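Grab a pencil and open the viewer. Try each exercise yourself before you read its solution.

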2 protein chains.
Amino acid sequence: MRIEVINTGTELLLGKVVNTHACYFGQELFKLGLRVQRQVTVPDGEDIRDALVDAFPRTDVILITGGLGPTSDDVTREIVAAMLGLDLQLREDVLEEVNAFFKVRGLTPNQSNDRQAMVPDGAEVLSNPYGTAPGLYLPAVDDRGSPHLFLLPGPPRELKPMFKDLVFPKLAGFRGGNNEAGVWHNFKIYGVGESVIAGQLDPLFKADESLEIGYCARLGEVDVRLIGQADAVENAAERVREIYRQDIIAESEEPIEKILVDMLSGRDETVATAESCTGGEIASSITNVSGSSRALLSGFVTYSNESKTAILGVDPELIRKHGAVSRPVVEEMAEGCLRVSGADHAVAVSGIAGPDGGSEEKPVGTVYLGIASRGGETFVKRCFSPSDRISFKRRITRLALDLLRRRLRGFPLN
Amino acid sequence: MRIEVINTGTELLLGKVVNTHACYFGQELFKLGLRVQRQVTVPDGEDIRDALVDAFPRTDVILITGGLGPTSDDVTREIVAAMLGLDLQLREDVLEEVNAFFKVRGLTPNQSNDRQAMVPDGAEVLSNPYGTAPGLYLPAVDDRGSPHLFLLPGPPRELKPMFKDLVFPKLAGFRGGNNEAGVWHNFKIYGVGESVIAGQLDPLFKADESLEIGYCARLGEVDVRLIGQADAVENAAERVREIYRQDIIAESEEPIEKILVDMLSGRDETVATAESCTGGEIASSITNVSGSSRALLSGFVTYSNESKTAILGVDPELIRKHGAVSRPVVEEMAEGCLRVSGADHAVAVSGIAGPDGGSEEKPVGTVYLGIASRGGETFVKRCFSPSDRISFKRRITRLALDLLRRRLRGFPLN
């Protein structure tokens, strides 16, 4: 099944907005063992016609984003209808939904919004609870040589739920047609490299032709996907669980921050952070999660040596003797953070983000991560992850969050 | 001048990596008054041929990224040479540069790296100080109907300096050909909306046909670009400076974090942060800047009410009476942060990120931002910026950084 993506939006080509749709679709389709074969961005307006003409003969499915709004350069709906020779009809039920969206927000819909309730003959309306422009699905018609077309809204907060609830199941259905009783299962694994996982799992499952296995690595996390017949997937999933029990953070899509906030809230426990090289990114990641105020008590960015001493009570003699990036200092940071915050757990990090500040003994990329818990032993480990400053901070933040997860689960921390 | 972008990379289509090239090119070309008219992503391998065949007849310039490395699916160089009927020659000077890159890093180059030193006849080599694959520039040749082709490496840390140093000046030159003595000037403006700026500047400069003005807004920042004949641009820039003197953060590309770190270091002053709703993102933004340890002393994420009292000394009675999101509490947070940290300036924020926690008097999106300075008056302002949690945090972080900038510059804070 050949799938292409067409993004419309002048703002994407002007560099006002990073195009995250292509990446999102790639990740979602990966779960189905499908992939995007080509992605094109065109400006708002007539250019989409050429892109569609190009894509029609070679595709089975086209995912189109943007151009469904009320302004004059939103023309996706009209162009697609014209290309397929379909009339557009004003659908009263859709108009009511569009107008209801305004009324709930105390706004008055104007005439130009009516366009959003125009539906081509034979199209299925994909309702949009997060915006005014509904999506549209036009099934493939062999006679006219048109593939399956999904017209989706541009804003990610509208597109993602619509894709997940209404488009993904259809794509899974198309795929099911090729692959009798195909099911899929996804694991998120932390702390083991993609090549190590592939080296362990590929030989195990190679013999089984009813099973397909795929990997996708990003920033210390590896997604493992199993696709195939229900029995085969279930058996394989059990094997994966046995091997990576302690390293699987989720068999769902939840990010680790959300999992930690839920675990902590569920146990009525709290965490605090003491950050040097990550500069607040660990606390900031946790507070990206709605409801994190139940889990994060406080955070300290002790960037200077003085602040490590003044705020967390780290012995200045230790810093002088071992340096701020050292096992004993991070141990005292974690324990000081636990004491000062009153939290149940404290995560601490100190490292050399670079580009300056490295030495032979502790090159740029060296970091110590520590965790202290009320009534538990304090644990500190050394890691090495040289890269640019921003990636370093992001990767070390992931490692610190995983350390907390392992402590909460009672897994070994090494 | 019609410009298109072709990105090659299976990882972009699998969703392993977000494609930031398209956005980067858009922003860079904007400075020249140029824009990307279409962007296409194809997998590694042969697909790039079709994309080039499509693009040739309608473009003046194609920017191609990726596929220049040593592995078997890196075929951009070979496909372009074959399409243009050009022989590839091994260039000894380029090979030396490639091998030198390995030797500096204590690595041994292997045979497959030789491919990276193959250069099509008539191509200009764009040297790559940050990686092994050099870029290539193939000038347009009318007879064969080929536009200007730039072959650039995939990794952003290699691509960006190469684009800036070697490609941008050529594009500026092409543009100069159409626009006698064209120069450009860029402003970054904070705290004034795009439509307000356009409403003020458009009428001022409308009459002058030798001048082109453009706007680009993102997260509270507006870029204003002037393009035209040198005299006209200089005069217009002077007018823009008069009008927005206090709102211009830079006439360069530096982000506000970097400007603040430089200003503070230059004055030998320091800052500390007291964050509630931004959860550490202000401190994290500052620490993204190399050298920020000279400017940021410490940061406090006082997420819970208890931590505001215990760490920053906020009177619990104030919290009870006015709520944690209130003028008096943020005032005490800022002053407490100044006292506890020993910094010269302290920035404090408390707000309602949502989706829960809003009230009629203080709906989701309400925030108080404060600044306290050694020997200066403490200032607190109320803002309202309702949006999703992540965008809210990001936007409020920008507002807090701008408050510090205005204080350092001695500008009014309102």
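**Before you start.** This is a predicted model, in which local features need pLDDT of at least 70 and side-chain atom pairs count only at pLDDT 80 or more, while totals for chains, interfaces and linings use all residues. Residues are numbered from 1 along each chain as its sequence is written, and chains are lettered from A and ligands numbered from 1 in the order in which they are written.

**Exercise 1. Find the buried residues of helix 3 of chain A and say where they sit around its axis.**

Step 1: Go to residues 48–55, where Ile48(A), Ala51(A), Leu52(A) and Ala55(A) are the buried ones.

Step 2: Look down the axis. These residues cover an arc of only 100° (taken from the directions from the helix axis to the C-beta atoms), so they lie on the same side of helix 3 of chain A.

Step 3: See what covers them: strands 1 (3–8), 2 (36–42) and 3 (61–65) and helix 4 (76–84) of chain A are included.

**Exercise 2. Trace the sheet of 12 strands: in what order do they come?**

Step 1: Follow the pairing (two strands pair if DSSP finds at least two bridges between them). The order in this open, mixed sheet is 6(A)-7(A)-8(A)-3(A)-1(A)-2(A)-2(B)-1(B)-3(B)-8(B)-7(B)-6(B).

Step 2: Inspect the edges. Strand 6 of chain A and strand 6 (124–126) of chain B each have a single partner strand, so one side of each has no neighbour in the sheet.

Step 3: Check some pairs. Strands 6 and 7 of chain A are antiparallel over three bridges, with Val125(A) opposite Leu136(A). Strands 1 and 2 of chain A are parallel over six bridges, and Ile3(A) stands opposite Val36(A).

**Exercise 3. Describe how helices 9 and 14 of chain A pack.**

Step 1: Two packed helices are described by the angle between their axes and the distance between the axes.

Step 2: Helix 9 (256–267) and helix 14 (389–409) of chain A pack at about 35°, with axes 10 Å apart. Axes are lines fitted to C-alpha atoms, for helices over the stretch in contact, and angles run from 0 to 180 degrees between N-to-C directions.

Step 3: List the contacts (C-beta atoms, placed from the backbone, within 7 Å). Ile256(A), Glu257(A), Ile259(A), Leu260(A) and Met263(A) meet Leu401(A), Asp402(A), Leu404(A), Arg405(A) and Leu408(A).

**Exercise 4. Examine where the two chains meet: how many residues of each are in contact?**

Step 1: 54 residues of chain B contact 55 residues of chain A.

Step 2: Sort the chain B side, which divides into 23 nonpolar, 21 polar and 10 charged. Here Ala, Val, Leu, Ile, Met, Phe, Trp, Tyr, Cys and Pro count as nonpolar, Asp, Glu, Lys and Arg as charged, and the others, Gly among them, as polar.

Step 3: Find strand 14 (296–302) of chain A, which pairs with strand 14 of chain B in the antiparallel sense over five bridges. Val301(A) stands opposite Gly299(B) there.

Note on methods:
Helices (H or I, at least four residues) and strands (E, at least two) are DSSP runs, numbered from the N terminus. A residue is buried if 20 or more other C-beta atoms lie within 10 Å of its own, exposed if 12 or fewer, and partly exposed in between; C-beta atoms are placed from the backbone.
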